[in-house]
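Please look over the sequence and the model below before reading on.

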Number of protein chains: 2
Amino acid sequence: MVTMVDVARLAHVSTSTVSHVLNGTRPVEEATRRRVVEAIARTGYHQDAVARALRRARTDSIGLVVSDASEPAFAEMVHGVEQTADTHRMTLLLANSGEDPDRELRAVRTLLGRRVDGLILARCPASAPSVIHSIVDAQVPAVLLDRLYDDTPFDQVSADNRESMRRLVAHQLERGHRRLLLVAGDTRVPTMRERCDGFLDATADCRPDQVILEGRDPAERAAGLREALRTGSVSCVVAASTPLAVDALEAIRDQGLLIPGDIAFATFDGFAHSDLFKPAITTVRQPAFEMGSAAVNMLLERLRTPAGAPRMLRLRQTIELRSSTEDHLR
Amino acid sequence: MVTMVDVARLAHVSTSTVSHVLNGTRPVEEATRRRVVEAIARTGYHQDAVARALRRARTDSIGLVVSDASEPAFAEMVHGVEQTADTHRMTLLLANSGEDPDRELRAVRTLLGRRVDGLILARCPASAPSVIHSIVDAQVPAVLLDRLYDDTPFDQVSADNRESMRRLVAHQLERGHRRLLLVAGDTRVPTMRERCDGFLDATADCRPDQVILEGRDPAERAAGLREALRTGSVSCVVAASTPLAVDALEAIRDQGLLIPGDIAFATFDGFAHSDLFKPAITTVRQPAFEMGSAAVNMLLERLRTPAGAPRMLRLRQTIELRSSTEDHLR
DNA sequence: CTGTTAGCGCTTTCAC
DNA sequence: GTGAAAGCGCTAACAG
């Protein structure tokens with residue numbers, strides 16, 4: 001392996017000069033500089049980021065732990081994080097907890113051990129408190145992404161889930177729906193909790209018939225859906241996330257019901273290219289890429305100014321109205 | 001920061017004993033071991049992976065460079081890579097070239113500088129030859145994923161694109177289609193080239209009317225599609241990837257044509273949850289997750305036994321037949 | 001079974 | 001404007 005020593009020898013300078021040429025950390029006479037650059041080219045030298053990191057005590061890298069890389073919304077966030085990190089010449093270390101608290105803790109510890117300069121975290125339900133302690137102990141800045149918690153000393157980035165759901169449901173109420181079903185999912189997940197609260201906000205006044213289907217077990221959910229749909233006590237279904245929407249759509253299809261003819265339907269996060277397919281589904285869309293991007297920016301800002309109270313950023317979601325909620329079109 | 005020296009002092013042993021306890025690299029008397037473990041707990045010590053990597057000259061990490069993280073197929077591959085890397089206690093460094101050769105080269109160099117133990121690469125079109133040179137020079141094992149090249153000394157993992165396309169198109173010919181349109185996309189990308197070749201294989205014998213729409217410019221593609229569809233000279237459209245399918249579906253919709261009534265349609269890679277939406281699209285599905293997984297396994301194997309000829313692995317794709325090609329259902 | 005010690009390749013004082 | 005040298009925290013001979 002070719003090291004700075006080889007370059008220095010060839011250029012008849014010290015390693016410190018090579019280092020300063022490489023990093024532009026102090027003035028170097030043009031002639032010297034040129035000899036060094038030349039020597040680097042001849043030897044094919046490349047800086048060793050590991051040694052550099054050890055010496056400088058920073059790695060120019062950030063760690064990202066997501067709870068479920070297979071969900072499109074998270075994939076987009078990962079993309080946003082990668083892109084923005086790259087812009088700032090930071091390398092991304094990616095880990096996936098798969099919604100498993102143990103794996104999450106292991107991932108966080110691994111990344112801390114690798115001395116990432118900062119950490120971005122979409123925590124999983126039942127996330128261990130030691131995750132937070134580990135990060136605090138390591139004195140590494142972190143930002144929580146999407147899944148927000150009250151009790152943390154960290155910056156946070158999320159979307160206006162509660163308000164978006166309130167508006168979505170309010171709209172359905174305006175259209176005259178009085179028998180609503182919310183497929184709420186695992187409300188231990190803050191995002192889901194917020195969406196659920198938004199639903200309650202919307203229905204608080206006019207108090208329509210409503211069923212809220214909580215719980216994380218898909219089989220149980222399917223049964224609940226079947227039951228609710230069969231009795232015909234529902235005119236509008238709202239799913240709080242894509243996987244929940246899949247379950248709901250399957251149940252609706254299996255029940256032989258038509259959207260929007262028999263039942264109105266809307267979801268959060270949704271599906272790609274909804275405009276190309278039927279039913280075209282009304283969707284509350286997260287600015288997932290931007291959320292990832294914002295998380296990186298917050299992290300880098302915090303790296304510059306470690307002091308100060310934790311910040312919280314809520315990005316606006318957009319409601320894409322489509323024919324699945326246009327039941328007069330039937 | 002607490003280091004091994006602190007632990008050693010507290011446990012009244014040398015740092016080498018601490019190291020050996022930590023890594024299990026030599027027998028340590030039970031009483032000593034316990035003292036060390038105790039001291040580690042008391043101090044809250046965590047191994048510094050950076051220092052360790054520098055000393056051992058391996059990082060227990062692998063680098064992944066994908067060409068477009070926003071395509072679902074790639075997102076799945078990333079997921080497969082992450083999962084499998086994690087199983088082997090390897091950390092994943094992720095970079096995204098965004099189909100830009102310069103960014104790709106930069107990403108590869110960055111990852112090599114970080115001394116990844118191996119590299120997985122989905123190269124972009126017009127990928128620079130220096131990408132390969134850099135990797136060879138660094139003597140880092142690599143495996144090419146999805147996008148395959150003849151001229152490389154690396155292991156490769158892909159799918160049987162050519163054969164799958166041949167079968168897909170043969171099926172359409174059997175159904176009586178004689179006016180075919182292939183939306184082939186950027187055939188500089190090997191994957192696209194292979195799919196295109198499979199199309200030619202299938203039509204070689206019976207020589208139906210066929211149009212092959214190549215090119216990477218979306219606007220140009222849209223114009224070509226409009227033209228081909230307007231003249232009514234097409235009874236079956238095949239798209240070679242998801243983005244191409246999007247363009248095609250938009251054109252078909254804008255032309256007021258119905259699938260499968262007016263026109264049969266099939267695509268590669270496709271959309272998530274195709275069974276929930278209309279038109280339900282016949283799709284050749286890549287085992288994307290498995291491809292990522294296989295790439296990691298090949299890489300680790302190569303790490304163990306660096307010698308030997310490059311291997312090539314082709315995973316089987318599956319053809320999911322749906323109603324978009326069932327034109328008798330009209 | 002355990003300790004001493006020489007670095008891994010780099011950055012950064014400090015001195016000239 | 002440049003160089004000498006001291007480590008960053010760890011592993012792995014080597015020696016006992």
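**From the chain interface outward**

In this model, 42 residues of chain A are in contact with 42 residues of chain B, two residues being in contact if their C-beta atoms, placed from the backbone, lie within 7 Å. The model is a predicted one, in which local features need pLDDT of at least 70 and side-chain atom pairs count only at pLDDT 80 or more, whereas totals for chains, interfaces and linings use all residues. Residues are numbered from 1 along each chain as its sequence is written, while chains are lettered from A and ligands numbered from 1 in the order in which they are written.

On the side of chain A that touches chain B, the elements giving two or more residues are H4, helix H5 (72–87), S2, H6 and helix H11 (242–254) of chain A; helices (H or I, at least four residues) and strands (E, at least two) are here DSSP runs, numbered from the N terminus. H5(A) gives the most to this side, with 7 residues. By residue class, the side of chain A that touches chain B divides into 20 nonpolar, 12 polar and 10 charged residues, where Ala, Val, Leu, Ile, Met, Phe, Trp, Tyr, Cys and Pro count as nonpolar, Asp, Glu, Lys and Arg as charged, and the others, Gly among them, as polar.

S2(A) and S2(B) run antiparallel and are joined by 3 bridges, with A:Leu92 opposite B:Leu94 and A:Leu94 opposite B:Leu92.

In chain B, helix H6 (residues 101–113) has 13 residues and reaches 18 Å from its first C-alpha to its last, close to the 18 Å expected at 1.5 Å a residue, the expected span being 1.5 Å times one less than the number of residues. B:Glu104, B:Ala107, B:Val108, B:Thr110, B:Leu111 and B:Leu112 of H6(B) are buried; a residue is buried if 20 or more other C-beta atoms lie within 10 Å of its own, exposed if 12 or fewer, and partly exposed in between, with C-beta atoms placed from the backbone. The cover over these buried residues includes strand S2 (91–96) of chain A together with strand S1 (61–66), strand S2 (91–96), strand S3 (118–121) and helix H7 (129–138) of chain B. After H6(B) comes B:Arg115, whose phi is positive, near 60°.

A further sheet of chain B is open and built from 6 strands in the order S7-S6-S8-S9-S10-S12, with mixed pairing. Strand S9 (residues 264–268) of chain B and strand S10 (residues 282–285) of chain B pair in the parallel sense over 3 bridges, and B:Thr267 stands opposite B:Thr283. Helix H9 (residues 190–203) of chain B packs on the sheet, touching strand S6 (179–185), S7 and S9 of chain B.

DNA strand D is surrounded by 28 residues, of which the closest are A:Ser14, A:Pro27, A:Thr32, B:Met4 and B:Ser16, a residue being near a strand if its C-beta atom, placed from the backbone, lies within 6 Å of it. Helix H2 (15–23) and helix H4 (49–56) of chain A, together with helix H2 (15–23) and helix H4 (49–56) of chain B, are the elements that give two or more residues to this surface.

Methods:
Two strands pair if DSSP finds at least two bridges between them. Axes are lines fitted to C-alpha atoms, for helices over the stretch in contact, and angles run from 0 to 180 degrees between N-to-C directions.
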